[in-house]
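Hi there,

Here is the structure I promised to pass on to you. Have a look at it first, and then read my notes below.

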Amino acid sequence: MRAFDLSPLLRSTVGFDEFKRVFDTALRGDSDYSYPPYNIEKSGEDDYRISMAVAGFGEADLTITVEDGVLIIAGKGQSDDDEQSRNYLHRGIARRAFERRFRLADTIKVETAAFENGLLNIDLKREVPEHKKPRKIEIAKTVSAKVIDKQVEQAA
């Protein structure tokens, strides 16, 4: 059962046109989503970190780009020459090429990236522009017309 009717969810939302596409991508279940392993953690009110285990890769083998709101982390695998020159008895460290994509919200910005002890750490920060922050809308009071009581003198 991979088909979902999202119309009940989308009835009360505005501007979530890509929601169905993101939902379908999440349900696709690609087996490639298990390599390389990664964590996403919230380290503060507006701070996030993606930590990716990239054993066997060097800094020169990794590229990080942001394109149209998508964070793309790619790693170059070993060349065929390296593979042929080694004789593995057991190969448990997969050093194959990969490309991992993370869709970022409009308010998320990539701050820094660091490579340490086989982990690639990418720090993200949520920066909400002033026009997107919650604000209170004052309700204008309607001006009612003044009623002037006129005393009508009745002729006696």
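How many helices and strands are there in the protein chain? There are three helices and seven strands, where helices (H or I, at least four residues) and strands (E, at least two) are DSSP runs numbered from the N terminus. Along the sequence, they follow the pattern α-α-β-β-β-β-α-β-β-β.

Before the details, two notes on the source. This is a predicted model, in which local features need pLDDT of at least 70 and side-chain atom pairs count only at pLDDT 80 or more, while totals for chains, interfaces and linings use all residues. Residues are numbered from 1 along each chain as its sequence is written, and side-chain values use heavy atoms, with hydrogens and water left out.

Four strands form an open sheet in the order 1-2-7-6, with antiparallel pairing; two strands pair if DSSP finds at least two bridges between them. Strand 1 (38-42) and strand 6 (108-116) are the edge strands, and each pairs on one side only. Neighbouring strands here are turned by 15° against each other on average, direction ignored; the axes are lines fitted to C-alpha atoms, and angles run from 0 to 180 degrees between N-to-C directions.

Inside this sheet, strand 2 pairs with strand 7 in the antiparallel sense over seven bridges, and Ala-53 stands opposite Leu-119 in strand 7. Strand 7 (residues 119-126) also pairs with strand 6, antiparallel again, over eight bridges. Across that pairing, Lys-109 faces Lys-125 and Ala-113 stands opposite Ile-122. The hairpin of strand 6 and strand 7 has two residues between the strands, and Asn-117 takes a positive phi near 55° there.

Another open sheet has three strands in the order 3-4-5, with antiparallel pairing. Strand 3 (62-67) and strand 5 (98-103) stand at its edges with a single partner strand each, so one side of each is left without a neighbour in the sheet. The twist averages 15° from one strand to the next. Six bridges join strand 3 to strand 4 (residues 70-75), and Thr-63 stands opposite Ala-74 in strand 4.

**The core and the surface**

Which residues touch the most other members of the largest nonpolar core? Of its 15 residues, they are Met-52, Val-54, Leu-71, Ile-73, Phe-98, Leu-120 and Ile-122. A nonpolar core is a set of buried Ala, Val, Leu, Ile, Met, Phe, Trp, Tyr and Cys residues joined through side-chain atoms within 4.5 Å. Strand 2 (47-53), strand 4, strand 5 and strand 7 are the elements that give two or more residues to this core, and strand 7 gives the most, with three residues.

Leaving aside residues up to four places away in sequence, Met-52 touches a set of residues including Pro-36, Tyr-38, Ile-73, Phe-98 and Leu-120 (contact means heavy atoms within 4.5 Å).

For the protein chain as a whole, buried residues make up 18% of the 156 residues (buried means under 20% relative accessible area, with a 1.4 Å probe and protein chains only). The accessible surface comes to about 13,000 Å², of which 51% belongs to carbon and sulfur atoms, by the Shrake-Rupley method with a 1.4 Å probe.

Notes:
Buried means under 20% relative accessible area, exposed over 50%, partly exposed in between (1.4 Å probe, protein chains only).
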